[in-house]
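The following questions and answers concern one structure, which is shown below. Please keep it in view while reading.

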Amino acid sequence: MTDSAAIENTALAASQSQSTQGRTPQKRSVQVWRSMRRSPAAMIALSILALHLIIALLAPWISPWDWTLQNGYNMLQPPSAAHWFGTDNMGRDVFSRTLMGGREALKVTLLGTLLAMLWGSLTGITLGLLGGRIDEWVMRAVDALLAIPWLLFLLLIISTIGQSGLTLVLTLGFFYGIAVIRVARGATLDFVARDFVMAARVRGESNWTIVRQELLPNVLDSLLVEGAMRWAWMLLAFSSLSFLGFGVVPPTPDWGLMIADTRGIMSIAPWATLFPALALSSLIISINLSADAFGKAMGLDRAKAPV
Amino acid sequence: MNTVYTNIGHTSTGHTGTGAVNNAPVLRVENLSLGYTRHHTDGRTSKVAVLRDVSLQIHKGEVIGLVGESGCGKSTLALALLGFLRGGGEVLGGKVRYGKTSLFDLPDADLAALRGGDIALIPQNAGQSLTPTMKLGAQLAEALKLHSDLPQGQYRARAIELLTLVRLPSPEQLLERYPHQLSGGQQQRVAIAMALAGEPDVLLLDEPTTGLDVTTQAHILELLRELRQRLGTTMVFVSHDLGVIARISDRIAVMYAGELIELGSCAEILRSPAHPYTRGLLAAIPRLASGMLPAALPGYPPAVGARHQGCAFAARCSHVSPDCQERTPDQTALGTRQVRCNLPAPQLRQPLQLEGVPVPEVTVGEPLLSLDQVAVSYQQQSLWQKLRGQPESTATVDGIELSLKRGETLALVGESGSGKSTIMRSICGINPPRRGHIQLDDQPLNLPVEKRDAVLKRRVQMIFQNPDASLNPRHTIAEILAQPLKLYFGLTGAACRAKAAELLAQVRLGEHYLDRLPAQLSGGEKQRVAIARTFAGEPDLILCDEVTSALDVSVQAAVLQLLKQLQAERGVAYLFIAHDLAVVQAIADRVAVLYQGRLCEEGETRDLFAAPWHPYTETLLDAVLQPDPDHNPKLHSDDAAESQPPAQGCPFQNRCPRKLGSQCDNELPDWQQIRGKRLRCHIPARQLIGLQRV
C-alpha cells in the first residue's frame, strides 16, 4: 500500500504547483469594461446612448411644453428662448416633441430586438447543432425570406393585420430574427465540432441542454454585438415605417412621423425637420459605435463574423 | 513503389559528439535574452523575458536537438536563429551571429535574403505551410526563384531533382499535384525539398515529425539523417520527443523556462544527465522495455515569461536547497558539457536511475464489454442507391471482435485512419455500427446515445484527447462537474458542490479549483478535471481517446498513474487509444492492433510487444523511437498511407513486407490462435515466429 501512497504524494504535489496559484484573474465583464474604457469613441457613443435612454424615460416630466398642444398664433417660429428648437406648422413645441419622439420607437424596437434575438438565436444555435437535412432546408428558407424586399413585406403585413404597437413588435421581431439565425448558426458552427459538445452528447445530455448550457454561453458574445446592430437597423426600419405612415398613429410624437410631416416646409422651417433627424441619427450612430467597441473589447473579429 | 534506404540500420555518423565536426561555429547565440513589454493596468510597463541569457554555439555539419516541455522557449530560440521575433517581441540583450553578421542588427532586406537562402525553416505542419491552391511545381519554382541563382528554364529540372532527393516517388507527376492530394508524410517531404531549394547552410526544424504516424516519422527521420550525411547541412532540431532527438542529434540542448539548463552530447545527456530537470524528464518518459509506470516529475513548468528569483527549476527540483531560491545558477562546464545548476559537480555526476512506479494491482473481473463482428461506416446508403441495387461501400471498420473484462485495460493501436476512434464513437453511440453487436454485460449498446436509457448512458463514459477542447471555456470547474451529477443523480445546490469537491479530491485537486475557469488551469490540471467529470457518473467502462498526447511528458506520467490508481479503486475497464506505444505498454493489459479498420493481432501487452508476429505489428513496433542513443528503428515497408481499406483480401496487402501473393489480395486470412495471442495472417503462425528470429 506504500506504493500507492507514494503516487498520491507526488500527485498531490503536482496539484499544488505554483503555476496556477496566486491571484484569480478579474471577471470577464470587468476586463471587457476596462478595455472599452480605453476607447474614447466607445465612451462618447455610450454616453449619447445613455442620454437618449434617460430622456426617453423622463420625457413626460422634463418636456417644457405639452407636446400635443397646438398654437395657431405661434406657427413655424425659429428657435428661441421659449421654444429651444422652434415650433412646427401646427405651432407645437419641437423641443418637447423631439424629447418625446423616441419613446415609442425605443419601446417597440427594444421589444422587437429582444424577440428577434430570442427566437433567431435559439433557432440558429439549434440548426448549427443538428446540422444535416433540417439545417439545409431551413437555411434555404431563410435565404428565400431574406431575398424579399423587407420594407414592402413589412408594409404588406402591417396593412393587412393593422397598425398597433404589438403588431409592429411581432412583425419586426419576426423579420429581424431571420437575419439573426444566420449569425447564430455561423457562430455555433465554430463550437459544435469541439470536444466539449461531443462530451455532452456522449454523456447523453438532451439537445436543449446542449444548446442552453454548452453553446449559448460561447456564442453570447457574437449575439450581443449582433443584437445591438439589429437594434440600430430596427430603429431605422421603424422610423421608415412611421415616415410612410405605418408606424406610430398621430398625434403621438415620433421622429419618423415628424420628419414626414415637416419635410414639405423644410425650406421655410428647417428646424422642424433637422432636430428629429439629428436625434434619430445620433441614436443610431451611438448604438453602432457602442456595438463595434463592445465587439472589439470582447475580442470578436468583425471581419470574420458571419453576415 | 517501395522506397529503399541505403543506410538502414546504424551508420557510422551521428552521436560522435562535437569532436568529429568541423569546429568553426556557424551560428553563435551569445547571452541572448528575448522578451516583450508588459503593460500593466495602472499604466506601468515592465520587461518580461521569454528567453534568458542563452548561449549556444552551433558548429558546421552538426545536428543539435532542442528539447523541453511546452512553453520553455524552444521554438522562440529556433526562430531567433532566423533573426525572427514573434509579434511584440524584442531583444533584451545579447546577439545571434551567423558567421560574422549579427542577425538582429541586419536591415530587413538582408535578413529576408538570408532566410531561406542561408538558414531555412521546416515548420511543424507541412500541410498548413504549403499553399493549398498552387501546384507543387509552382511552389517549388517560387522557392527556387527566391533562393537560387538558377535561370528560369532550369527550375523544373531542379524541382524534380529536389523531389528525388527527398525520395518522393514519380516526381514529374508530383509537380502537377496540389498539396491536399499528398499524405502527411509526403507533404513533409515536399516542405523539406522546398527548404533545400536555396541550398541552406543551416536547417531549422520545428517539430517536423510531430503529428505524423510512428512509421512515417521513422521514415522522415531516416531521410533527414541521409540528407545531412550527403549534403553536410547543419541542423537545429526542435522536438518535445526525446526519442526523435536521440535518433538524429549529435548534441542536445535542454531548455527550461526560457533558459538553457543543460548542453552536451546526445549519448551523455541521455545516459547520464546531470541537471535534475533532465533526470526527471528522462525518468518520466514511458519505455517499451519497462514493466512499470514512469515516475512523474511533480509540478508544472512556470508560465511563459513568469518571473522568478533564483533557479527556475527550484520549485520542482528534488534536490532543492535554500540557496537555489536565491542564487541564479550560471552556465558552468562539467566535463564536456554545460550545466546550469547550483549542485556540486559530484552530485551532478551521479548515474541516472530510472525508478518506475509499480503498476497498482487491479483485479480483473467478469466480462463487461463485447464487440461481435462490428462494422461501422460513415457513408450511409441512400434509398435511391438501395433501390438501384448498388453494393454498399466498403465499411471504414469491419469484422471487429473484441472483449473487455471489468478492471481491465485494452489498448487499440494503429496508425491514424486505422479506425481506433471510429470504434470508440460507435461504442459511445455517436456513430452506431452498421452491422454486428456491441454489448455491455447483457445490454445492447448498438443504439445511438439518444435512445439509450439513463443507466446505460451513465455506465459508458469518455475522456478526450485535448482538455482545452473538452472543457467548456465558459463554465467554472464546479459547473463542469455539476453537469453529469445533475444529469445522472439529479444533484443540485450544496449537495452537488460537495460531491464535485469530492470528485476533485479523487483526482488530487483541491477544493479551491471549483470556482476557476479552465483557462486558469494548466494542461495537466485540466485533464484531471476532465477525468473527474467522467468518474462523476460512476461508470463501468471508460473510453480514453489519446488522453495524454496533448500533455507534456512530465505531466503525462502523473496522469497515467492517476488513471491506473482510479482503476484499482473503482474497478472500471478502460478502452484506451494511444499512438505512443510506450504509453500503451505502461498502462494496457491487452493490446489489439488495427490496420485500415481491421484487426491484425491481439494479445497480452507483454507478449505482443516482446514478440510481434503479425507483419504489421512488427512494422509498427520496429519503427518506434526510444530515448536511447543506441536504439535503431527498423524500416520495413514504405510509408505511403492508404486512404481506403482494400475491398477484399488482407487489409495490409499493399504494404506488407512479407506478402505471399495473390492469396493475400483475394482472401481475408482466418484467425490463428497461438500461445494466448490471436492474429490474422496467411503465413502460418509458427513460420512467422521463425521469421522474427532472423
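Q: How many nonpolar, polar and charged residues are in the lining of the largest cavity?
A: The model considered here is predicted. The residues that line its largest cavity include V202(A), F464(B), S470(B) and R533(B). Sorted by class, the lining of this cavity has six nonpolar, three polar and two charged residues.

Q: Which elements give two or more residues to the lining of the largest cavity?
A: The lining draws on chain A through A199(A), V202(A) and R203(A). Among the lining residues of chain B are Q461(B), M462(B), I463(B), A530(B) and T534(B). The elements that give two or more residues are helix 9 (195-203) of chain A, and strand 18 (460-463) and helix 20 (523-536) of chain B.

Q: What is the volume of the largest cavity?
A: The structure holds nine cavities of 30 Å³ or more. The largest cavity has a volume of about 90 Å³.

Q: How many charged residues has the contact of helix 6 of chain A with helix 8 of chain A?
A: On the helix 6 side of chain A, the contact includes D135(A) and D143(A), and on the helix 8 side it includes R182(A) and R185(A). By class, this contact has eight nonpolar and no polar residues, and the number of charged residues is four.

Q: Are helix 20 of chain B and helix 21 of chain B roughly parallel or oblique to each other?
A: The axes of helix 20 of chain B and helix 21 (residues 553-570) of chain B come within 10 Å and cross at roughly 20 degrees. Their crossing is right-handed. Angles under 35 degrees count as roughly parallel. Helix 20 and helix 21 of chain B are therefore roughly parallel.

Definitions and conventions. Residues numbered from 1 in each chain as written. Chains lettered and ligands numbered in written order. Predicted model: local features only at pLDDT ≥ 70, side-chain atom pairs only at ≥ 80, totals over all residues. Heavy atoms only, no water. 1 Å grid on protein atoms, 1.4 Å probe; cavity = no way out; pocket = protein on both sides within 12 Å on 5 of 7 lines; lining within 4 Å. Points joined across faces, edges and corners; volume = space filled by probe spheres on them. Helix = DSSP H or I, 4+ residues; strand = E, 2+ residues; numbered from the N terminus. Nonpolar A, V, L, I, M, F, W, Y, C, P; charged D, E, K, R; others polar. Contact = heavy atoms within 4.5 Å. Axes fitted to C-alpha atoms, helices over the stretch in contact; angles between N-to-C directions. Parallel < 35°, antiparallel > 145°, perpendicular 65-115°, else oblique. Left-handed = near helix turned anticlockwise from the far one by under 90°.
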